[in-house]
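Dear colleague,

I am handing over the structure below, and my notes on what was found in it follow directly after.

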Amino acid sequence: MSDGAITVEEVVAWLRDFAAVMAQEKDALTALDAAIGDGDHGINMDRGMRAVMERVDAATPADVPALMKTVGMALISKVGGAAGPLYGTLFLQFGSAAGPDGLTPDGWAACLAAGVAGVRARGKAELEDKTMVDALQPAADAVGAALGEGASFADALARGADAAEEGARATIPLVARKGRASYLGERSAGHQDPGATSSAHLVRCAARTWAA
Ligand code: ADP
Ligand code: MG
């Protein structure tokens with residue numbers, strides 16, 4: 001797709017792809033969470049994204065801020081546990097940063113950065129706390145840097161997805177300092193964080209949606 005305006009339909013396609021990936025990866029994400037949490041992350045994400053797509057398909061909001069408000073509220077109301085409110089905040093802040101007048105690639109990158117800042121504020125997580133922030137922050141940084149260097153939106157998102165996957169893999173040796181996994185202390189090391197893994201999927205879905 002072009003480097004021009006990003007449409008609501010494209011953002012819906014991104015969310016639909018993420019919902020499909022969460023359904024497909026439900027068991028894998030739950031297995032990651034069983035190792036260092038309570039084994040429900042895949043179930044939470046699948047349930048949440050099903051609720052999101054039900055609401056979006058029933059009445060697709062007219063612009064990106066309204067769409068992301070619907071998404072965020074569905075996740076917050078339908079998903080118990082940490083990930084619902086955190087992903088809800090990600091999408092709500094993304095939408096608040098969007099404005100009603102259409103999104104450019106630079107605008108999209110700014111929205112992702114605002115979403116990640118919202119997650120960090122809500123979860124009080126820093127880099128290397130072994131959370132979704134470890135995938136999302138490098139992704140937001142990489143997309144912004146790539147666009148700043150003149151990369152196309154498609155290339156910038158591909159670099160963001162690579163950075164997110166690398167960030168998720170880099171959580172393996174870390175000791176968790178936030179969330180349920182932190183209760184395990186040193187025993188949380190040696191496992192990839194489930195939330196960082198689902199977040200890397202979210203960014204890979206964006207790269208696929210806007211691939212050249
Ligand atoms: P719960 O931990 O309540 O069972 P989930 O299993 O759905 O919720 O989600 C767990 C994921 O949430 C973790 O893998 C981590 O990435 C993320 N997470 C947990 N607490 C925080 C936090 N304070 N800040 C950022 N992310 C967090
Ligand atoms: Mg859990």
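How far does a backbone N or O atom of M132 lie from an oxygen atom of ligand 1? The distance is 3.0 Å, which falls under the rule for a polar contact (a pair of N or O atoms within 3.5 Å). Oxygen atoms of ligand 1 also lie 2.8 Å from a polar backbone atom of A82 and 2.9 Å from one of G195. On its own ligand 1 has 570 Å² of accessible area, of which the protein covers 92% (Shrake-Rupley method, 1.4 Å probe).

Please bear in mind that this is a predicted model, in which local features need pLDDT of at least 70 and side-chain atom pairs count only at pLDDT 80 or more, while totals for chains, interfaces and linings use all residues. Residues are numbered from 1 along each chain as its sequence is written, chains are lettered from A and ligands numbered from 1 in the order written, and side-chain values use heavy atoms, with hydrogens and water left out.

The magnesium ion (ligand 2) has D33, D38 and D40 as its protein donors, each through OD and at 2.0 to 2.2 Å, where donors are N, O and S atoms within 2.8 Å of the metal (3.2 Å for Na, K and Ca), and the site may look incomplete because water is not among the atoms. D38, at 38% relative accessibility, counts as partly exposed, as does D40 at 23% (buried is under 20%, exposed over 50%, partly exposed in between; 1.4 Å probe, protein chains only).

With kind regards

Conventions:
Polar contact = N/O pair within 3.5 Å; in protein donor to acceptor, adjacent residues only side chain to side chain.
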